[in-house]
Amino acid sequence: MSNSESPDGPPSFEDAFRGDDVEQRIYGTILQTREPTTASAIANVADCDSKTARKYLGWFSELGIVTRHDGHPATYERNDAYFEWRRINQLAADHSVEDLQQHVRELSSRIEEYEDTYGAPTPAAVDAVATAESSDDRTIDDVYGDLGDWATAIKERTRYERARQQRASTETEQVSG
């Protein structure tokens with residue numbers, strides 16, 4: 001361990017999976033994969049045998065964590081829909097219906113402020129360069145920062161609303177069941 005690393009902190013970037021078992025190394029590798037990748041390439045990054053990587057990738061595919069693309073050789077990629085589903089389930093489990101609704105309200109207010117500020121229904125409808133050039137108080141970085149935050153708020157509001165609906169449905173089932 002280098003002097004700059006704490007024993008409780010994350011491992012260095014160069015050895016991100018140090019100390020993890022092979023399943024965790026493969027899982028961590030697939031989380032970082034942005035395009036369909038072969039089992040042998042994943043095994044190389046995870047520092048394991050290709051056969052072992054295929055075994056775990058098959059299991060992850062059955063669980064929906066990865067998507068397997070048939071071909072010669074087969075490739076695997078992270079299933080973003082699985083992680084979205086997992087995030088919504090976690091929000092529903094961690095928050096009450098009231099807390100989730102409050103988050104939806106706060107995010108909706110923030111979104112409305114951006115719509116009013118930029119006179120547009122979505123961040124994609126804003127010409128960032130023209131907006132920054134016509135503004136005395138907003139730089140291009142400010143505008144891009146706002147547009148990124150606005151887009152994030154829209155996505156988060158959708159997540160919180162889906163979690164609220166899920167939580168409300170679960171509570172209704174428990175009351176009637």
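Predicted model: local features only at pLDDT ≥ 70, side-chain atom pairs only at ≥ 80, totals over all residues.
Let me begin with Leu 147, which lies in helix α7, spanning residues 140-176. Helices here are DSSP runs of H or I with at least four residues, strands are runs of E with at least two, and both are numbered from the N terminus. Leu 147 has 10% relative accessibility and therefore counts as buried. Buried means under 20% relative accessible area, exposed means over 50%, and partly exposed is in between, with a 1.4 Å probe and protein chains only. Beyond its neighbours within four places in sequence, Leu 147 is in contact with Pro 123, Val 126 and Ala 128; contact means heavy atoms within 4.5 Å. Ala 128 is 19 residues from Leu 147 in sequence, and their C-alpha atoms are 8.2 Å apart.

Residues are numbered from 1 along each chain as its sequence is written, and side-chain values use heavy atoms, leaving out hydrogens and water.

I turn to the protein as a whole. It contains 7 helices and 3 strands, and along the sequence they follow the pattern α-β-α-α-β-β-α-α-α-α. Of the 177 residues, 31% are buried. Among contacts between residues at least 6 apart in sequence, 57% join residues at least 24 apart. The accessible surface is about 11,500 Å², and carbon and sulfur atoms account for 46% of that surface; the areas come from the Shrake-Rupley method with a 1.4 Å probe.

Next, the sheet. The 3 strands form an open sheet in the order β1-β3-β2, with antiparallel pairing. Two strands pair if DSSP finds at least two bridges between them. The edges are β1, residues 37-38, and β2, residues 66-69, each pairing on one side only. Between β2 and β3, the latter covering residues 75-78, there are 4 bridges in the antiparallel sense. On the β3 side, Thr 75 is the bridge partner of His 69, and Tyr 76 is the partner of Arg 68. Helix α3 packs on the sheet, where it touches β2 and β3, and its direction makes about 110° with that of β2.

Finally, the packing of helices α2 and α3. Helix α2 comprises residues 39-46 and helix α3 residues 50-63; they pack at an angle of about 105°, with axes 8 Å apart. The axes are lines fitted to C-alpha atoms, for helices over the stretch in contact, and angles run from 0 to 180 degrees between N-to-C directions. The two helices are therefore roughly perpendicular, a label for angles of 65 to 115 degrees; under 35 is roughly parallel, over 145 roughly antiparallel, and the rest oblique. From α2, Ala 39, Ser 40, Ile 42 and Ala 43 meet Ser 50, Ala 53, Arg 54 and Leu 57 of α3. These residues divide into 5 nonpolar, 2 polar and 1 charged. Ala, Val, Leu, Ile, Met, Phe, Trp, Tyr, Cys and Pro count as nonpolar, Asp, Glu, Lys and Arg as charged, and the others, Gly among them, as polar.

Asp 47 lies in the loop between α2 and α3. Although not a glycine, Asp 47 has a positive phi of about 55°. Is Asp 47 buried or exposed? At 63% relative accessibility, Asp 47 counts as exposed.
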